Amino acid sequence: MNPVVMHTVARLMAPVLLLVSLVLAVRGHDIPGGGFVGGLMAATAFALLMVAFGRPAARKQLRVHPTRLAAAGLLVALFSGVPSMMEGRPFLSGIWARLPVPGTDGLKVGTPQLFDLGIYLVVLGTAMCFILGMARGEDTTAPEMGG
Amino acid sequence: MTPSALLSLPMILCLGAAAAGLLTPSRAWPRRWLALMTMVALAAVGAMLLVTVRREGIQSMQVGGWAAPFGITLVADLLSALLVLVTGVMGLTVVSYSAATLPASKEAGAYYPLVLVLVGGVCGAFLTGDLFNLFVWIEVMLGASFVLLALEARQEQLEASIKYMSLSLMGSVVLLCAVGLLYGAAGTLNLADLAVTVPGLGTPNLMTAVSMFFLVAFALKAGAFPLFFWLPASYHTPPAAVTTLFSALLTKVGVYALARVFTLVFTQDSQLTSTLLLVMGGLTMVTGVLGAVAQYDMRRLLSFHIISQIGYLIAALGLFTRSALTALIAFLIHYIFAKSALFLVSGATARVTRTYDLHQMGNLYRTQPLLAALFFIPALSLAGVPPFSGFFAKLAVIQAALRAENWIIAGTAVVVGLLTLFSMMKIWREAFWKAPPENQPEEPTRPLSLGDGVLGPCMAMTLFMVVLGLGAEPLLELADAAAGQLLDPEEYVRAVLGGRP
C-alpha cells in the first residue's frame with residue numbers, strides 16, 4: 001500500500017470523523033445518535049490515525065491518557081445526575097432550559113446532554129484503552145493503568 | 001437526606017470515587033485515602049438506609065423520575081439495606097488491610113479504583129429492583145473482579161483467572177438467557193411488576209423452566225454444588241486482601257439473588273424449587289467440607305469452606321419458612337465476618353511465615369500469640385462453637401430444619417459443623433501448635449502487634465463476631481423482620497408500584 005494515500009486520507013478524514021461524532025452526540029437526545037455511538041466514532045478517528053501514522057502518533061493526538069479520559073467521562077456523567085438531587089427529585093432526572101438564541105425559538109440545553117457528553121468520553125476512553133493496548137505489541141508485559 | 005438520595009448514593013459514591021481515583025496522580029496515598037473515605041461514607045449511608053427502612057418500611061426510587069415498571073428502579077428492603085451496610089463495613093476493612101499489606105507501587109495503580117467499582121457493583125446488585133439491572137450490576141462486579149484477580153499477572157494468577165472468567169461468563173450467558181426468556185413471557189423485568197404478573201400468566205410450566213435457568217445461573221455465582229469449580233481454582237491466587245473481598249461479597253450476591261427471585265417472583269412451583277434447593281444445599285455443605293478436610297494449603301482450605309457455608313444458606317432458603325429465612329439472613333451476616341476474619345488472618349500468617357502451606361508452618365502459638373488468638377476465635381465461630389456468632393447462626397438453621405421436620409438437613413448441618421471444627425483444628429494443629437519443620441532456618445520473628453496495621457482489621461472482624469455472639473438477639477430480631485418482608489411480597493410491590501393495582 002502507498003503510505004502517501006493512507007496519510008492523506010487519514011489527515012483528511014480524522015477531523016471529519018471527529019466532527020460527525022460530535023454531531024451524533026449532540027443531536028442524540030431526541031433523534032438517533034447519542035454519546036455512546038458518538039464516542040465509538042471518535043475512537044475510529046484515532047484508530048485511523050494509528051493505522052496511518054503509528055501508535056505513538058495516535059496516542060499523542062489523544063493528548064490525555066485514555067483511562068483518565070474514561071474516568072473523567074464517568075465523573076461528568078455521574079455529576080449530570082446531581083442537580084436534580086439538589087432539587088429533591090430522583091437522581092438523573094432531566095432538567096431542561098431554553099437558551100435564547102437569535103433566529104430560533106431558543107436552544108434546548110439540559111443535564112441529559114451533559115450525561116451524553118460523559119458517556120461520549122467514557123466510550124472514547126475505554127475504546128482507546130483497548131485499541132492502544134492491543135497495538136502495544138509484545139515488548140511490554142504489565143498493563144499500564146491509571147497513568 | 002431523602003430516601004431517594006440514600007438509595008442512589010452507594011453506587012454514585014463508589015463509581016464516582018473510582019473515577020476520581022483514576023484522575024489523581026498515580027501515587028499511593030491519594031488513592032488509598034479516597035478509597036478509605038468512600039468506604040466510611042458507604043457504611044454511613046448503609047446505616048442510614050437501614051434505619052430509614054426499619055422505621056418507615058421498604059423504600060424505592062425511580063432513577064430519572066421514569067415511573068416503574070418502565071424506568072430503572074432501586075429498592076431497599078431490610079435485607080438489601082443490611083447487606084449494603086455490611087458491604088460498606090467489609091469495604092472499609094479490606095481497604096485498610098490493603099493499605100497495611102500491599103506494596104505502594106500496587107496501591108498507586110488501578111487497585112483501589114477496581115475495588116471501588118467492585119463494591120459499587122455489589123451495592124447495585126443488592127439495591128436494584130429490576131432483573132436486567134441485576135444482570136448489569138453483576139457484570140460490573142465480575143468485570144472488576146477479573147482484573148483484580150489478574151492484576152499482578154503471575155502465571156498461577158493468569159491460569160486461575162482464565163478458569164474463573166470462562167466459568168463466570170458461562171453463568172452470565174445462562175443468566176442473560178433466563179432474563180430474555182422471562183421478558184419474552186412476561187413482558188417486564190421489574191421485580192415488583194413480575195411478582196404481580198407472573199402468577200397470572202397461565203403458563204406455569206414455562207415459568208418453572210425459566211426459574212430453573214435462574215437457579216443454575218445464580219447457583220453458579222453463589223458457588224453451589226455442582227457448579228462451584230471456579231471457586232477453589234481461583235480464590236487462593238490473589239493477595240489476601242482481594243481474596244477476602246471476593247469471599248465476603250461475590251458469592252453472597254448469588255445467594256441474595258436466589259433469595260430475592262425465589263421469594264418474590266417464582267413462587268408458583270415452590271415444591272419443586274424447594275426440593276431442588278434442599279438437595280443442592282445439602283450436597284454443597286458436604287462436598288465443600290470434604291474438599292476442605294483434604295487440603296493443606298491454608299487459603300485453599302478456607303476456600304472450600306466458603307462452599308460448605310454457602311450450602312447452609314441454600315438449604316435454609318430451600319426450607320422456605322419464616323424461621324429458616326431468619327436463619328439464612330443471620331447466618332449470612334455472621335459468615336461474611338467469620339470468613340473474612342479467617343482470610344485476613346491467613347494473610348497475616350503468610351506474612352510471618354512467607355507461605356500458605358500448612359506443612360511449612362508451626363509453633364506460631366508461641367511466636368505469635370496475638371495472631372493465634374485472632375485465628376482461634378473466628379475459627380471456633382465458623383465451626384459453630386458458643387458463645388460466638390456462628391453458634392447462634394448455625395443453631396438457627398438447625399432449629400429451622402427441625403421445625404420443618406427435615407431431619408436430613410438438620411443431621412447434615414450438625415455433621416458438617418463437626419467436620420468444619422475438625423478442619424479448623426487441623427489448621428490450628430499444623431500452623432500454630434506443632435513444632436516448626438526442621439529444614440527451616442530458625443529465624444526469630446518479632447511477634448505482630450496491633451500497631452502493625454495487619455492485625456487491626458482482623459481484630460475488628462473478631463470483635464464483630466464476639467459482639468454478634470453475645471448480642472445475637474438484636475441481629476435475630478432484625479433478621480426476623482427482614483424475613484417477614486421477604487415472605488410477604490405485597491409491601492415490596494406497593495413500595496415500587498405505588499397506587500397501581
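**Figure 1. Glu152(B) and its salt-bridge partner.** Glu152(B) is partly exposed, at 32% relative accessible area. In this predicted model, its side chain meets that of Arg154(B) in a salt bridge, with 3.1 Å from N to O. Arg154(B) is partly exposed as well, its relative accessible area being 38%.

Figure 2. Helix H7 spans residues 155-186 of chain B and holds both partners, which lie four residues apart, or about one turn of the helix. Glu159(B) is partly exposed, with a relative accessible area of 45%, and Lys163(B) is partly exposed too, at 36%. Returning to the residues of the previous view, we find that Glu152(B) and Arg154(B) belong to one network with Lys106(B) and Glu156(B), joined by salt bridges that share partners.

**Figure 3. A salt bridge in chain A.** Let us now hop over to the other chain letter in this set of views. Arg89(A) bridges to Glu87(A), and their closest N and O atoms are 3.4 Å apart. How accessible are the two partners, Arg89(A) and Glu87(A)? Arg89(A) is partly exposed, with a relative accessibility of 36%, while Glu87(A) is exposed at 51%. Over all chains, a search of the whole structure finds 10 salt bridges.

Figure 4. The whole structure contains 24 aromatic pairs over all chains. In one of them, the ring centres of Phe375(B) and Trp428(B) are 6.5 Å apart and the planes meet at 5°, so this pair is stacked. It links distant parts of the chain, 53 residues apart: Phe375(B) sits in helix H16 (residues 369-383) and Trp428(B) in helix H18 (residues 407-433), both of chain B. Both Phe375(B) and Trp428(B) are buried. Trp428(B) also stacks with Phe432(B), at 5.1 Å centre to centre and 20° between the planes. Because Trp428(B) and Phe432(B) are four residues apart in helix H18 of chain B, about one helical turn separates them. Phe432(B) is buried, like Trp428(B).

**Figure 5. Charges over tyrosine rings in chain B.** Where does the charged end of Arg299(B) sit? Look over the ring of Tyr356(B), 4.0 Å from the ring centre. For a lysine counterpart, turn to Lys426(B), which lies over the face of Tyr296(B) at 4.2 Å from the ring centre.

Methods:
Residues are numbered from 1 along each chain as its sequence is written. Chains are lettered from A and ligands numbered from 1 in the order in which they are written. This is a predicted model: local features need pLDDT of at least 70, side-chain atom pairs count only at pLDDT 80 or more; totals for chains, interfaces and linings use all residues. Side-chain values use heavy atoms; hydrogens and water are left out. A salt bridge is a side-chain nitrogen of Lys or Arg within 4 Å of a carboxyl oxygen of Asp or Glu. Buried means under 20% relative accessible area, exposed over 50%, partly exposed in between (1.4 Å probe, protein chains only). Helices (H or I, at least four residues) and strands (E, at least two) are DSSP runs, numbered from the N terminus. Rings of Phe, Tyr and Trp (its six-membered ring) pair if their centres lie within 6.5 Å; planes under 30 degrees apart count as stacked, over 60 as edge-to-face and the rest as tilted. A charge sits over a ring if NZ of Lys or CZ of Arg is within 6 Å of the ring centre and within 35 degrees of the ring normal.
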